[in-house]
Amino acid sequence: MKMETTIIADANKFINFLLNCPNECKSPVEYEGAIQIHKVKTGVDIPLLNICSDNQPAFICEKYIPKFPIEVENEDSLTNETADLMQEDPGPLGVSVMKARQLLSWYAVCQNPSMSKGARTAALSPLWVRCDMADSEGTAWLGAETIHTGDKSAAIKLHTVNCKAPTVAKVPSITLEELKQMHKRRHHSSSVVTRGSALYNLFGSTVVENTVIESQSSVTVDFRWNNVESLLQTPPLSSTATLNIKVANGDMRSPMYSLFKELEFIQILAEGLRTGETEWLEPLETRSAVELTKELIQDLQNKMMVEPHQPVKESETQKGATESSSLAESSMYNTMLTERGDLDFTEQLWLRMRKSVTSHQDIVDCLKMVIKALKYGDIKPWVHRDSSSSLSKLILQSYHQQMEPVSLTGLTPVHMLLEIGLDKMKKDYINYLIGQELTTLNHLSYYLSTEADLQEQVVRAKKLHHLLEIVVTCSTFLSLAYEQLFLLTQSCLQYYRTCSYDEDHEFQLQIRPAVISSFYQKEHPITWSVEISSGQGKREVRTSWQLSDKPPVDHVTFDMADFPLETTLNGEGEEPAYFTTSVSCSLVNFS
């Protein structure tokens, strides 16, 4: 009787702590017995737990990690390395299985309405406890969640997650039929439902000669299907498939790499305008910016001798030289994005200057030459009528000998060059998106608007470039058809109209498996799992089994001593190394 009273008292104390957890336990809060507790959204913060329960808030219990202040006698002698060590976070740690069971028993006691002697039955989020995997079963998590009927707690689900270090095996150590039988015996069910899921990497980091070449870009495909036939079954064509697309600007494999280098220079100019200081890139041309500009002007003057009264377009010689230079930066550039054939004078000037300018004075000298040639009628270059840059307006004025005076002092020259670059790049983006009929000018109005200040225009151009990187990556490397590219384009345009620039954002696209079957059917998945379930609604019980090529938990270091390092690389032609995770639950009725 005394022991029962003590258990109930301890349980009430624990539940009271959960109910009154400061700031909803968003940051870990210490509890007695070397425990700390915080609250998370399981599906967002700890994806593994989504196997067990729906995406809902949950309490996480783990080992308390004390933070001892480190005294430094001489702060001046504190190196960056020492400072990093002082701030290093060891990450979460698990408790023993025995301690975890004690915490879950307190949770269960206070959710059981039959325990009337002072026990509380207040509704609580599920409780999950990290375990140290020191037991023979390799228990990584223990969890509990209450099942309610109306406003009364009727039962409790107890979850167990076990993990094993990676192994290489062509055939799993257990069969699907054995997993089904285990589930039926545990839950006394006569029939079960199976659901499969698999994640494949279609584009991203690659392995060359046992060396991982990292990439910030990735395209994975997530499959879901019913009626699983066997473990590691290749997803059937009847599966639902979702592409998860995350693309970083600047990948050298991208056909967009040449345009990215232009965008990079635009961002440098914009930053120089903002701060007053510019970090110039190494020139890509051996000749100076002044020499290249003088050559462009001379070519136009020669052209004017043939057609003295007409605005002059670029010569075929100059056009060819520019295209060759652009293509040299990216051998893949021409596979998807061909150089526009209607580059006007300002765009030609931009291409030369962005590869050769190394100082503010270079910009001043080049623009002075151009403005002087315009003023004295030495050149009458052709420009797009819809160009909005200051230099384009000067050129149009020069047709009528009515040029406004321009003072090339301060940051004005940088501002003028930035306008030219933005103008050019916007037309490049329009050329592809409109040319491929992926959108309309009306849908691009937000990105092309010149009413926003110049810094904001650069941000929007960066968004548009990222959108194009995504679309071109999927077109080039996955050979997606027009219908998929159109939907993807609309999704990206809509997202970036209201959201800030984010290369880590994962865009999603529903797709038919048949469209990408050649990319995954002969490949190994990076994650494969099966879920066996019975019962309905809140009383549904599940048994899950999962293989993954990365550690499924972050609070335990797996023993890899007996595992050859080279086999963990999962290179081409090798059998992959998989961590095994099994999840089971039991349903306990309170009455």
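Are α15 and α16 roughly parallel or roughly antiparallel to each other? I kept in mind that this is a predicted model.

**Entry 1: α15 and α16.** I looked up the axes of α15 and helix α16 (residues 482-498), which come within 10 Å and cross at roughly 160 degrees. Angles over 145 degrees count as roughly antiparallel, so that is my answer for α15 and α16. I noted a right-handed crossing for this pair. On the α15 side I found Leu464, Leu467, Ile470 and Val471 among the residues that meet α16, whose own contributors include Leu485, Leu488 and Tyr496. I sorted the residues of this contact into 10 nonpolar, 3 polar and 1 charged.

**Entry 2: α13 and α15.** Next I turned to helix α13 (residues 412-435), which packs with helix α15 (residues 454-478) at an angle of about 30 degrees, the axes being 10 Å apart. Angles under 35 degrees count as roughly parallel, so I put α13 and α15 down as roughly parallel. Here I recorded a left-handed crossing. Leu418, Leu422, Met425 and Tyr429 are among the α13 residues in this contact, and α15 brings residues including Ala461, Leu468 and Val472.

**Entry 3: Gln233.** Last, I visited the loop between β10 (218-226) and β11 (240-246), where Gln233 is found. I noted a relative accessible area of 10%, so Gln233 is buried. Its side chain reaches the backbone nitrogen of Glu229 at 2.9 Å. Setting aside neighbours within four places in sequence, I listed Trp225, Asn227, Val228 and Trp528 as contacts of Gln233.

How values were computed: Residues numbered from 1 in each chain as written. Predicted model: local features only at pLDDT ≥ 70, side-chain atom pairs only at ≥ 80, totals over all residues. Heavy atoms only, no water. Helix = DSSP H or I, 4+ residues; strand = E, 2+ residues; numbered from the N terminus. Buried < 20%, exposed > 50% of the residue type's maximum accessible area, 1.4 Å probe, protein only. Polar contact = N/O pair within 3.5 Å; in protein donor to acceptor, adjacent residues only side chain to side chain. Contact = heavy atoms within 4.5 Å. Axes fitted to C-alpha atoms, helices over the stretch in contact; angles between N-to-C directions. Parallel < 35°, antiparallel > 145°, perpendicular 65-115°, else oblique. Left-handed = near helix turned anticlockwise from the far one by under 90°. Nonpolar A, V, L, I, M, F, W, Y, C, P; charged D, E, K, R; others polar.
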